[in-house]
Amino acid sequence: MSERAAAAATGVAAVAARTLNKTFGGVQALRAASFAAHAGEVHALVGENGAGKSTLIKILGGRFPPDSGTILLDGEPVRFSGPADATRRGIGTVFQELTLLPWLTVAENLLFGREPRGAGGLIRRASLATDAEAVLARLGISHIDPRAQVAEISLSERQIVEIARVVTKKPRILFLDEPTSSLVEREVAWLFERIRELRALGTAIVFTSHRWNEITSIADRITIYRNGSEVGTFTEIEEGEAITLMTGRRVDALYPKLPLLSAGAKDMLALTEATIPGLATPIGQPASDLSFHLRAGEILGIGGLAGQGHRELFLGLFGAPPLARGKIAVGGKPLRIHRPSHAINAGLGIALVPEDRKTEGLLLPLSVRYNLTLPILRRISRVGVIRAPTEGRMSREIITALGVRTPSAAQRVGALSGGNQQKVLVGRWLLAESRILLLYDVTRGVDVATRHEIYDLIMRLAGEERAILLYSSDTEELAHLCHRVLVLRDGRVAAELVPPVLTAEAIVSASMRQARAA
Amino acid sequence: MPRDSGEGAGARWRSPASHAFGQHIGLILAAAILLVAIIIFSVMFVIQQHRLPGNFEITSTVNNTMPLALAAIGQTIVVLTRGIDLSVGGVIDLTNALAAILLRPNLGNQLAVSVIIILIGAAGGLINGLLVGLGRLQPIVVTLATLSIYQGLAIRVLPQPGGAVPPGYTGFLVNPNAPTALVFLLIAIVLWLGLRRTRLGVDIFAIGADEQAAIALGVRTVRTKIIAYTLAGALYAIAGLFLAATATAGDATTGDSYTLTSIVAIVLGGVSFFGGRGSAIGAIAGAFIITMIVNILFFAKINPLYQAFYEGLFLVIAVVLGALIGRLVRARR
Amino acid sequence: MNNLVRLFTTRDVLRVYAAYGAAILLFIIGALVHPGFASLPSVTTILLISSFIGMVAAGQCFVVLIGGIDLSVPWVLNAAAILLATASLGQNGRALYAILLTLGMGGLAGLANGIFVVWFEVPAVVMTLAMNGIVEGLTLGLSSGMTCGACASYAPPIVQQAVHGVFLGIPTALWLWLVIIIIVSFALSFTRFGRATYAIGNNPRAAFLAGVNVNLTTVALYVLSGVFSALAGILLVGFGGQASLGMGDPYLFQSIAAVVIGGVSILGGSGLYVGAAAGAISLTALVSVLLALNMPEYGRSIIYGLVILALLLLYGREERQ
């Protein structure tokens with residue numbers, strides 16, 4: 001590894017960035033960011049969520065221009081007019097948000113822009129599927145039907161099609177942004193096989209991943225990003241040291257102390273024999289097998305790989321849409337939850353902080369106050385008319401209590417920073433006096449300082465005897481923030497982890513174990 | 001990679017026919033509705049006239065449907081890009097009025113005038129396209145505004161119904177003695193199938209499926225949208241010419257109804273209002289369904305005053321049924 | 001104080017000023033080209049005509065705020081006018097019954113629109129378009145193309161009085177409009193219903209997850225749109241005395257235009273009804289100025305379109321950020 005890396009480091013970089021800056025709506029995503037990758041190397045780009053990795057890749061992939069700074073290809077400064085321009089210059093990019101077209105077939109997507117042509121330059125639609133099948137077969141993929149519409153295939157299959165499309169264009173420089181996020185182990189192995197082939201052909205490969213074992217198994221060099229700039233580039237680095245550089249502080253110092261869970265804490269939420277809707281159940285297994293209890297003051301973590309039913313579980317407990325089967329009891333009382341208003345007004349009050357605060361949580365163009373009081377309007381209004389003084393007082397109180405940094409309650413939520421937006425979203429449910437909080441990946445895309453504040457807030461909420469169900473894509477976070485973690489696989493509980501075996505490694509290993517053979 | 005990896009992998013390998021069925025369900029449904037409509041009409045016709053519908057019935061049905069079919073193809077192209085075009089009526093008004101005052105009995109004039117009118121329609125579409133594409137404005141309000149402008153221009157051109165279309169021109173476009181106009185539809189279908197096989201065609205579908213993804217794939221969305229609206233404008237102009245030929249005279253307001261009926265036709269023809277799915281063939285089928293409904297109502301001795309009621313009702317039923325069947329087909333898999 | 005300044009300078013409010021500014025400018029231009037244009041009777045007439053557009057625009061504003069649209073306006077309005085005349089037979093004694101029946105008809109059409117848009121996921125454009133046809137066919141069929149005996153009935157005198165009557169020097173229809181402007185604006189800005197409307201218009205999914213009853217609110221908004229169209233129909237028949245076929249046709253374009261001129265985003269989520277009301281006045285003033293200039297119909301139609309396009313280019317672009 002080091003030999004190849006040393007050779008690479010001496011030549012001119014195939015692709016390089018110098019002092020790139022990029023700002024989105026007041027948030028600086030990149031600040032004087034630099035980067036360089038050489039032909040024939042696999043270069044891992046690591047950093048926390050929001051460190052600027054995706055922004056860097058989008059700029060180098062021609063998706064949008066930087067505010068300032070230079071992009072160099074083989075030492076020559078370039079300016080991309082768009083993604084097509086970048087493609088022409090030999091850059092291939094697998095963006096984190098897949099760019100497949102849902103109503104086109106796998107074949108049409110795979111061969112988009114280089115369809116087989118026949119007489120008069122017309123596309124030979126008849127041979128699209130067979131051509132695509134051959135392309136896939138060359139890459140060792142036989143399980144994806146090229147005639148299927150992309151809308152019909154699974155997320156992991158889509159990710160593979162996306163990778164296949166970019167890889168078969170034989171790019172000189174290949175960017176892969178979180179290519180493994182929805183792949184299972186075997187598919188990851190397939191991808192790495194392809195990456196090694198391309199490396200042998202002299203391609204410069206840049207990829208991001210949150211899984212350290214993947215990074216160490218394939219990367220020749222590692223560049224660490226923090227807060228929008230490069231921290232350093234290494235050929236060998238220990239995981240602990242890397243995480244320190246990524247976060248800027250020691251791992252153990254990052255997480256707060258869990259409040260003690262009293263032995264007699266009462267059940268606040270009980271789920272029995274639930275079925276997660278829309279999740280394919282392996283043949284031969286009972287459809288419903290998801291049961292758990294959540295107690296007052298407890299932080300119960302839900303772990304496992306993406307696509308194992310976490311999202312559906314969280315939304316299901318909130319009635320959006322309801323779980324397919326199973327019983328929910330809140331504070332010991334059985335309850336039917338068909339839509340969010342049922343959950344919000346259920347005995348103890350259930351709250352959901354959803355995955356994507358921008359599309360599912362907040363109403364960005366509306367004010368902080370509007371966003372805070374939306375679920376409790378019934379409570380603060382008389383015959384449908386909102387009592388403005390009450391509303392103003394309540395929103396000011398919560399802004400102060402959570403330390404939301406905003407000039408006033410009338411400020412547009414969209415103008416706040418990510419962390420402060422998240423606080424508004426949590427604050428909404430504190431106003432609603434919800435005792436059961438479903439927190440879904442609440443620290444995603446939040447900067448380190450605010451993340452720390454959110455951890456403290458979660459602890460404070462648990463200390464107030466609220467019950468918290470927590471999902472995080474960051475296993476380290478789950479291991480440190482929870483009293484107990486349930487690992488989901490195929491929509492069922494695969495393992496229950498409690499201290500002392502509650503570690504990130506244990507969660508990962510429980511999630512990765514292959515499902516029992518059908 | 002082995003086929004048993006991932007969940008349910010391999011299960012989605014189905015026959016090409018099964019895929020074609022699922023992916024063209026809207027079109028198949030439209031064809032089925034049209035077939036049922038034709039059968040109902042024929043049965044009623046036989047009962048009342050004691051013979052099968054003949055040359056006259058077929059010819060008049062085809063000729064009456066031509067303008068709508070063409071307008072619907074134009075609307076389809078726009079809706080495929082996730083847009084909508086309300087200016088259809090205005091462009092048809094304008095081109096219809098121009099045809100009535102410009103056409104003369106000699107061939108050279110007819111050829112030149114036809115080309116000019118089609119270019120004028122294309123220009124109308126181009127303006128829509130520029131406003132939607134470059135101006136980044138909402139199609140529904142842009143085309144509502146241009147509808148008003150084009151309607152105004154049409155009345156300026158032909159303040160009173162009148163003018164005359166030379167019989168030779170009528171005979172060429174909408175031969176009253178035989179359904180020769182079907183040839184034009186055939187040409188339209190061939191051109192459509194050709195368009196589906198060009199970069200432009202693929203890009204139109206890509207934009208409708210997911211505009212952001214299309215941009216990332218290097219599709220020049222602005223240019224493609226402008227071309228889509230321009231093509232649509234040219235098609236409305238041809239519809240205007242056919243309308244003038246059928247009526248043998250011009251009227252600056254007869255085109256107005258086509259804004260609504262073109263939308264009805266494409267919805268009946270299985271074109272998705274959310275973009276990215278649909279075909280001109282479906283739109284043509286949708287146009288014929290509308291004509292057949294009118295024919296059936298006539299033979300069912302239903303008061304023609306109720307025509308709009310039944311059209312609206314069938315539109316709702318078709319959309320709801322289409323969505324239900326689409327969902328069933330997907331769920332069956 | 002700072003907050004108060006901010007409150008009166010938000011983008012939505014600035015657009016409302018712009019719409020009123022346009023209306024005033026048009027009155028000034030009118031006065032310049034045609035002496036007496038800005039006289040009290042002339043202004044009153046223009047406002048009276050604006051009030052009909054304004055009422056339809058209230059309903060249109062509601063549905064546009066959630067990113068919908070109501071294309072069933074023309075025939076719901078027309079059917080309302082005919083229904084009022086035929087149900088009342090021009091008698092004051094039957095007026096209340098006829099008014100309730102007519103408003104109920106409008107509400108029913110809106111209810112059907114809402115139900116199919118929400119639960120059957122029919123696109124709003126398609127559903128309201130179909131409803132326009134359904135109401136048109138029923139109206140034409142049931143009235144035998146306006147040849148029925150009762151079709152020639154006049155509006156009850158009390159309804160005519162309600163439009164033409166004068167209270168404190170101002171026509172009663174304008175008082176009614178003022179009340180509607182106040183109620184609608186209040187509902188949008190200070191009630192749960194209004195909050196839900198803006199929330200849905202901005203992001204239906206997020207609104208749903210915050211406990212807003214998206215479906216019910218959406219249906220209610222379509223019902224209101226139908227009711228407002230019917231109300232405009234009642235007032236129009238009161239204004240003109242008799243109903244006629246096609247009297248609703250101009251109101252689709254005008255209601256959408258008023259909403260757009262008033263600064264309501266066609267994508268939903270932002271805008272105020274006072275703006276749409278100003279839009280209705282500007283639109284009517286524009287027509288009146290053009291009439292004063294002896295501009296023929298075609299010219300008005302063209303200028304209508306150009307004005308909308310100009311405003312869209314002015315406002316519409318920043319909506320996508």
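A residue counts as buried if 20 or more other C-beta atoms lie within 10 Å of its own. By that test, buried residues make up 58% of the 321 residues in chain C. The model is predicted.

**View 1. Chain C as a whole.** Chain C holds 14 helices and two strands. Its radius of gyration is 19 Å, close to the 20 Å from the globule rule for 321 residues, so chain C is as compact as a globular protein of that length. Along the principal axes, the C-alpha atoms of chain C fill a box of roughly 60 × 55 × 40 Å. Among contacts in chain C with a separation of 6 or more, 76% join residues 24 or more positions apart.

**View 2. The largest nonpolar core.** This core has 385 residues. The residues with the most contacts inside it are A:Leu438, A:Ile468, B:Ile284, C:Leu84 and C:Val260. Helix 11 of chain B, residues 221-247, gives the most to the core, with 17 residues.

**View 3. Around C:Val260.** C:Val260 is one of the core residues with the most contacts inside the core.

**View 4. Where chain B touches chain C.** This contact takes 38 residues from chain B and 41 residues from chain C. On the side of chain B, helix 6 (139-157), helix 12 (257-268) and helix 14 (307-331) each supply at least two residues. Helix 6 of chain B has the largest share of that side, 13 residues. By class, the side of chain B that touches chain C divides into 26 nonpolar, nine polar and three charged residues.

**View 5. Where chain A touches chain C.** Here 24 residues come from chain A and 22 residues from chain C. On the side of chain A, two or more residues each come from helix 12 (340-344), helix 13 (357-361) and strand 18 (385-386). That side has 16 nonpolar, six polar and two charged residues.

**View 6. An open sheet in chain A.** Six strands of chain A form an open sheet with mixed pairing, in the order 16-19-20-13-21-22. Strand 16 (350-353) and strand 22 (492-497) of chain A stand at the edges. Each has a single partner strand, so one side of each is left without a neighbour in the sheet. From one strand to the next, the twist averages 20 degrees.

**View 7. Strands 13 and 21 of chain A.** Strand 13 (residues 299-303) and strand 21 (residues 484-489) of chain A pair in the parallel sense over four bridges. A:Gly301 stands opposite A:Val485 in strand 21 of chain A.

**View 8. A helix across the sheet.** Helix 11 of chain A, residues 310-317, lies across strand 13, strand 16, strand 19 (436-440), strand 20 (467-471) and strand 21 of chain A. Helix 11 runs at about 150 degrees to strand 19 of chain A.

**View 9. A loop residue, C:Asn294.** C:Asn294 sits in the loop between helix 13 (273-292) and helix 14 (297-315) of chain C. C:Asn294 has 9 C-beta neighbours inside 10 Å, so C:Asn294 counts as exposed. C:Asn294 and C:Gln60 are 234 residues apart in sequence. Their C-alpha atoms are 31 Å apart in space.

Notes
Residues numbered from 1 in each chain as written. Chains lettered and ligands numbered in written order. Predicted model: local features only at pLDDT ≥ 70, side-chain atom pairs only at ≥ 80, totals over all residues. Core = buried A, V, L, I, M, F, W, Y, C linked by C-beta atoms within 7 Å. Buried ≥ 20, exposed ≤ 12 C-beta atoms within 10 Å, placed from the backbone. Contact = placed C-beta atoms within 7 Å. Nonpolar A, V, L, I, M, F, W, Y, C, P; charged D, E, K, R; others polar. Rg over C-alpha atoms; globule rule 2.2 N^0.38 Å. Pairing = 2+ DSSP bridges. Axes fitted to C-alpha atoms, helices over the stretch in contact; angles between N-to-C directions.
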